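Work through the exercises below with the model open. Each task is followed by its solution.

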Amino acid sequence: MSFRRRPAVPAKATALALMANLVLPAVSFAQAPPTPPQPRAIIVSGEGTASIAPDMAIVNLSVTRMAETAQAALAQNNEAVRTVLDALKASGVADRDIQTGDFSIFPRYSDRQPTPQNTNQQPVIIGYQVTNSLTVRVRELSKLGALIDQSVKLGVNQGGQITFTNHEPKAAYQNARRKAVEDAMEKAKTLAEAAGVTLGPVATISETNLQPVAPAPMMRMAMAKEADSVPVAGGETTYTVTVEMRFDIRP
């Protein structure tokens, strides 16, 4: 009896076969499972507002002085601002409620126009202007008109923008939040009824606070030293909250 000898399998081929057996299962496990279908939902936004009387005002007061030299304009401006600051503090405005909002020095140029004889004529510096702006928080609104009047008489000749606000608007924001949620829920119910679906529970809710809206009278300060008492009406400050809500739709 004769036996036929099988040819020897190269070691390299055996190793490759083993690696293939190991890699193939790994590839099958690495396949991502199918993405489950997203639940049906209704997404709406709601807005709520609450208005309360302001108890604080933020006013901008600026002092501008002009002179032939920057040093002279700065000296005149500094003297006027010190006088205004002293008057504000004497009226009961605390140091923490007074802040420098802007300070600038820049040259003033002549209005020379090019002539046929000299088309390259450049403007000439004829002086300098210095402006110092103060941001003042007035916590006693009954003093606001008199304070502006006094500031103008002492040297304020620009500014006058007033923003009415509240020291603690938390209660107004809470009221506005409730109204915003109620508004969103009402919209969601209306949409569900119109679409013939059943509204499910709230899935997500997010809030966006908007800036309070209030009357902001603009006044142009005159250079004159005499000014009538400034009438100021505070009105109401309105706080607005917007929410976005996502409701599931019941199957």
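The exercises go from the overall fold to helix packing and then to single residues.

The model is predicted, so local features need pLDDT of at least 70 and side-chain atom pairs count only at pLDDT 80 or more, while totals for chains, interfaces and linings use all residues. Residues are numbered from 1 along each chain as its sequence is written, and side-chain values use heavy atoms, with hydrogens and water left out.

**Exercise 1.** Describe how helix 2 packs with helix 3.

Solution. The axes of helix 2 (residues 70-90) and helix 3 (residues 144-154) come within 9 Å and cross at roughly 155 degrees. Angles under 35 degrees count as roughly parallel, over 145 as roughly antiparallel, 65 to 115 as roughly perpendicular and the rest as oblique. Helix 2 and helix 3 are therefore roughly antiparallel. On the helix 2 side, A80, T83, V84, A87 and L88 meet L147, Q150, S151 and L154 of helix 3. By class, this contact has six nonpolar, three polar and no charged residues.

**Exercise 2.** Compare the span of helix 4 with its expected value, and list its buried residues.

Solution. The expected span is 1.5 Å times one less than the number of residues. Helix 4 (residues 170-195) has 26 residues and reaches 38 Å from first C-alpha to last, close to the 38 Å expected. Buried means under 20% relative accessible area, exposed over 50%, and partly exposed in between (1.4 Å probe, protein chains only). In helix 4, A172, Y173, A176, A180, A184, A188 and A192 are buried. An α-helix has 3.6 residues a turn, so residues three or four places apart point the same way. Just after helix 4, G196 has a positive phi of about 70 degrees.

**Exercise 3.** Is V230 buried or exposed?

Solution. V230 lies in the loop between strand 6 (198-209) and strand 7 (237-250). Its relative accessible area is 17%, so V230 is buried. The C-alpha atoms of V230 and I148 are 6.8 Å apart, at 82 residues along the chain.

Conventions. Axes are lines fitted to C-alpha atoms, for helices over the stretch in contact, and angles run from 0 to 180 degrees between N-to-C directions. Helices (H or I, at least four residues) and strands (E, at least two) are DSSP runs, numbered from the N terminus. Contact means heavy atoms within 4.5 Å. Ala, Val, Leu, Ile, Met, Phe, Trp, Tyr, Cys and Pro count as nonpolar, Asp, Glu, Lys and Arg as charged, and the others, Gly among them, as polar.
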